[in-house]
Each structure stands twice: as structure tokens, then as C-alpha cells.
Amino acid sequence: MSTQTLKKIYSGKVRDLYELDAKRMLMVASDRLSAFDVVLPEPIADKGKILTQMALFWFRKLQHIMPNHLTGEEVTDVLPETQASIFAGRSMVVKKLVPLKIEAIVRGYLAGSGWQDYQRSGQICGITLPKGMQLAQKLPQAIFTPSSKAAVGDHDENITLTQCAELIGTDMLQEVEAKAIRLYQEAADYAYQKGIIIADTKFEFGLDEDGTLTLMDEVLTPDSSRFWASDQYQIGHNPPSFDKQFIRDWLSSSGWNKQPPAPVVPADVLRQTQNKYREALALLTDQNQG
Ligand SMILES: Nc1ncnc2c1ncn2[C@@H]1O[C@H](COP(=O)(O)OP(=O)(O)O)[C@@H](O)[C@H]1O
Ligand SMILES: [Mg+2]
């Protein structure tokens, strides 16, 4: 197979999908970083590799809960060496699934759009929460707060459980909710011991050929989750983002109007950001930092 015949089927903000054959795809994580919903002009070196290693770590750790989309093959098993080397470490060989039309968000803490919805209505996705909760407070228990998958360019929207049932069916909703909460809880408990609070996260699920519910996409990285350093956590305050704080602080102070294109970020800010991704991987997987 040559590069010309490797067909790109999708290019997202951060990742690219290639078709391998009718049943399999190659998911490649680039080094692109988006902040305030805009992709920065400069990549974060090795970010795609670091986040891929993190997702693979979680897929393995959580595989007793449910099947995932990994075929078990390496990129070197499916592409010739010259081509495989381009994608090595930053790609996953995955089963092509039929995606469910929702994003399975689980929240353990009150933040982001959940905090905004709570302030407005006392609820998130129709789930009533205790009165008087503060920003960043831990919820009495993790909750499943699905969103619709937005068309390209749109923002995903929180939906009620009733709307979710209309999209995927009541039985499927129950299965997805139970699995998503278990995945989140086990991961969050583990990460907490390592100094990282996973405040919330987004899972995606699909159905395989046999109709089996399967975990897909990437999981439990700072791209799909809100990571906080537990030693900086304070109820009532918006904790700094584990990975993007340096970038956001710099962009905010740069006077940029948050419309594309984003300004070029200084090299030291990029380096500090790269270090945060390395640190997150090292903390979670007990690797020495290198
Ligand atoms: N195993 C899979 N089968 C089918 N689709 C998948 C699978 N894993 C991930 N996807 C889809 O691939 C796309 C990955 O692209 P992504 O870079 O996340 O772009 P986006 O910016 O649209 O989220 C998503 O639409 C996701 O739902
Ligand atoms: Mg995505």
C-alpha cells in the first residue's frame, strides 16, 4: 500500500482517520492543539504520541468493563515500514463501528457547561442537583449527561435523558449510562491517587458487526476530559486546566479576539505545555519523566 492509496476519510480538529479496508481504520493523533475552540498555528511537539499512549493505557486498564475498538494490531502490521514509521506511536488500528449518535459525558464535578446549566436551572440534562453547590464542587455521585453529536463546526449540545432515549432507545441508554459511569468512576478513582482529578469526560460508543456495544474514539485524555491538578483544587474557584493553562493565560493576555486565526504562541509557552502533557502521562502510568 502506498501513501497515495491510503485514503483519508476524515480530518478533525486534532485527528485524522484513514481507511485500511472495509472493516478497519487507522486513527492518527496529530500534534495540533485547539484552545478556545481554535486550532493554534504551532503544534505541540509529540502531543499526539503522548495522548495516544495515554488512551492506550486506559483502553487496556478498562478492558474488563467492556470491549473497545482496538483490533490488537500495530500500525506496522497493517502498513509497509516506510509509511508505518510516519504514524508510529500516534496511531491506533481500530474496528470501523457504527457510532451512536450521542456523546456520553460523565461528570464527577461541577464545571464548564454543567456549571452554567446548574446556575440557570439547578439541573444538568434534566437531572436535578442539590441546591447551593459551588463551582468545581464534587457531585454527590457521578452523573451521565449526554450531548448530541454536533454537525461539523457546531457546538455539541447537552440533551435530556428523554431526548437521549429518543436518539438511541431506552435499553441502549441504560446500558450506555451504566458503562460510562463505571468507566469514569474507575478511571477517576485511579487518577486521583496519582494527583489528577478527572472532573468530567466524554466517551463515544459504537456498535460492532454483531451489534455489541463497544468503546471507541480516544478515552480519558486531556483532549476529551477536564484534568485538574489535585494540589491546586479549591471549591468555589475554577481550577486551572492541567494542560492548557499556560496557553490560555498567554492567549488571554495577548489581546486576541478569539476568532481564527490564533496568534503564534511563543516557544517557551509551547514547551511548558508539552511538559504538562508529559507530566500527565508520567503521573498516570508511573513513567519517569524524560
Ligand atoms: N472505531 C470507530 N468507528 C467509527 N468511527 C469512529 C471510531 N472511533 C472514532 N470514530 C469517529 O472518528 C472521528 C474522530 O475524529 P475527531 O478528530 O475526534 O474529530 P472531531 O473534531 O469531529 O471530534 C469522530 O467522529 C469519532 O466519532
Ligand atoms: Mg472528537
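Predicted model: local features only at pLDDT ≥ 70, side-chain atom pairs only at ≥ 80, totals over all residues.
Let me begin with T273, which, if we set aside residues up to four places away in sequence, touches L33, I44, D243, F246 and I247. As for where T273 sits, it belongs to helix 8, which covers residues 267-285, and with a relative accessible area of 0% T273 is buried, because buried here means under 20%.

From there I would like to turn to I196, which is found in strand 14, a strand made of residues 196-207. Is I196 buried or exposed? The relative accessibility of I196 is 0%, and therefore I196 counts as buried. When its neighbours within four places in sequence are left aside, I196 is in contact with A191, F227, W228, S230, F242, A280, L283 and L284. For a sense of distance, I196 and A267 are separated by 71 residues in sequence, and their C-alpha atoms are 26 Å apart in space.

A search of the whole structure finds one cavity of 30 Å³ or more, and the largest cavity holds about 100 Å³ of space. Which residues lie nearest the centre of the largest cavity? They are R15, A29, L51, T52 and E218, out of 15 residues that line it. The elements giving two or more residues to that lining are strand 3 (24-29), helix 1 (47-61) and strand 6 (91-95). Sorted by class, the lining of the largest cavity comprises six nonpolar, five polar and four charged residues.

Technical notes
Residues numbered from 1 in each chain as written. Chains lettered and ligands numbered in written order. Heavy atoms only, no water. Helix = DSSP H or I, 4+ residues; strand = E, 2+ residues; numbered from the N terminus. Buried < 20%, exposed > 50% of the residue type's maximum accessible area, 1.4 Å probe, protein only. Contact = heavy atoms within 4.5 Å. 1 Å grid on protein atoms, 1.4 Å probe; cavity = no way out; pocket = protein on both sides within 12 Å on 5 of 7 lines; lining within 4 Å. Points joined across faces, edges and corners; volume = space filled by probe spheres on them. Nonpolar A, V, L, I, M, F, W, Y, C, P; charged D, E, K, R; others polar.
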